[in-house]
Amino acid sequence: MTQAITVEESRELDDKTINKIGIPSLVLMERAGLKIYENMLENHDLYLSNILILAGTGNNGGDGLVVARLLATHGYKVSILIVGNPDHASEDHQAQARICNYYQIPKVFMDADFNKFTTLVDALFGSGLSRNVGGDFATVIDKANASTAKIHAIDIPSGLNGDTGEVMGTAIKATSTSTVAYPKVGMLKDQAKPYTGKFYVDDIGIYRGTTFENE
Ligand SMILES: NC(=O)C1=CN([C@@H]2O[C@H](COP(=O)(O)OP(=O)(O)OC[C@H]3O[C@@H](n4cnc5c(N)ncnc54)[C@H](O)[C@@H]3O)[C@@H](O)[C@H]2O)[C@@H](O)CC1
Ligand SMILES: [K+]
């Protein structure tokens, strides 16, 4: 396991990579989505016959929409549930949503029966989680955990505090997690294990420090 970082460090590294180094955020999102998709294919604990992407309206949801599109374009049966107000979605999320619309990936709504799906992809919150989970988000998390489907989480299981490993109201209990760039310190705590499941650490071109003089 490589070095772990705090959620704040993770956000700073994203910002530096995009705004100082100049790698466009959509490039990073595409790389993240591709790695997460590959992790899902190689993880035989997941059954990929009918997949539902649970997407929040931030960039974690945007990663989830890239995964939805990659699954759809490779012939997998996949649907999307957007949780939260799409009018307030991040710019990159909106870009991914337009691409999903082009491919006519089916959408489901809050009344969906999660037991119909074999795998749920948790893309509700990642490093942006800032308060206890409630409302529709809590309803979806609890419904996902109670379902027969396996769950693959993106970056951090939604509801888990990435720094302390504590549950913020309620949290996804993932079969497996693809964490972007570096594991977050809270995910390595013993109490986080039932939530993260099996762990993948995905190199998407975000690095903590190098030997370059301008670092
Ligand atoms: N461009 C980038 O910066 C990259 C971001 N990545 C992904 O983007 C994620 C971070 O994205 P965001 O910063 O958009 O944040 P998130 O997508 O984690 O969260 C979305 C928004 O939810 C809101 N929120 C926080 N707690 C809430 C709660 N309890 N109930 C309801 N709403 C709540 C916040 O306003 C937050 O902005 C990472 O975890 C990673 O998955 C990756 O694609 C790599 C590159
Ligand atoms: K997540």
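Leaving aside neighbours within four places in sequence, Y200 is in contact with N39, S176, T177, S178 and T179, where contact denotes C-beta atoms, placed from the backbone, that lie within 7 Å. Y200 belongs to strand β6; helices (H or I, at least four residues) and strands (E, at least two) are DSSP runs numbered from the N terminus. With 18 C-beta neighbours inside 10 Å, Y200 counts as partly exposed; a residue is buried if 20 or more other C-beta atoms lie within 10 Å of its own, exposed if 12 or fewer, and partly exposed in between. Y200 and I80 are separated by 120 residues in sequence and by 23 Å in space, C-alpha to C-alpha.

The model is predicted: local features need pLDDT of at least 70, side-chain atom pairs count only at pLDDT 80 or more, and totals for chains, interfaces and linings use all residues. Residues are numbered from 1 along each chain as its sequence is written, while chains are lettered from A and ligands numbered from 1 in the order in which they are written.

N39, one of the contacts of Y200, is among the buried residues of helix α2, the others being L28, M29, A32, G33, I36 and M40. Seen down the axis of α2, these buried residues fall within an arc of 135°, so they line one face of the helix; the arc is that of the directions from the helix axis to the C-beta atoms. In general, an α-helix has 3.6 residues a turn, so residues three or four places apart point the same way. The 18 residues of α2 (residues 25-42) should span 26 Å at 1.5 Å a residue, and the end C-alpha atoms are 26 Å apart, which agrees. The expected span is 1.5 Å times one less than the number of residues. Against the buried residues of α2 pack the helices α1 (7-21), α3 (59-73) and α4 (91-102), together with the strands β4 (150-154), β5 (176-180) and β6 (198-202).

A32 illustrates this buried face of α2. It has 27 other C-beta atoms within 10 Å and is therefore buried. Not counting residues up to four places away in sequence, A32 touches D63, V180, D202 and I204. A32 and V66 are 34 residues apart in sequence, yet 8.4 Å apart in space, C-alpha to C-alpha.

The helix pairs can be taken next. The axes of α2 and α3 come within 8 Å and cross at roughly 55°; axes are lines fitted to C-alpha atoms, for helices over the stretch in contact, and angles run from 0 to 180 degrees between N-to-C directions. That makes α2 oblique to α3, given that angles under 35 degrees count as roughly parallel, over 145 as roughly antiparallel, 65 to 115 as roughly perpendicular and the rest as oblique. The contact is made by M29, E30, A32, G33, L34, I36 and Y37 of α2 and by N59, G62, D63, V66, V67, L70 and L71 of α3. The crossing of α2 and α3 is right-handed; a crossing is right-handed if the near helix is turned clockwise from the far one by less than a right angle, and left-handed if anticlockwise.

The axes of α3 and α4 come within 8 Å and cross at roughly 20°. That makes α3 roughly parallel to α4. Here the crossing is left-handed. In this pair, N59, G61, G62, L65, V66, A68 and R69 of α3 meet D92, H93, Q96, A97, I99 and C100 of α4.

Helix α1 has 15 residues and reaches 20 Å from its first C-alpha to its last, close to the 21 Å expected at 1.5 Å a residue. Its buried residues are V7, S10, L13 and T17, and what covers them includes α2. After α1 comes G22, whose phi is positive, near 100°.

In helix α5, the buried residues are F137, V140, I141 and A144. They cover an arc of only 100° around the axis, which puts them on the same side of α5. The face turned away from this buried side carries the exposed residues G135 and A146. The buried residues of α5 pack against β1 (51-55), β3 (119-123) and β4.

Two loop residues remain. Most residues other than glycine have a negative phi. Q104, in the loop between α4 and β3, has a positive phi near 55°, and D155, in the loop between β4 and β5, has a positive phi near 70°. With 8 C-beta neighbours inside 10 Å, Q104 counts as exposed, whereas D155, with 29, counts as buried.

Technical notes: Two residues are in contact if their C-beta atoms, placed from the backbone, lie within 7 Å.
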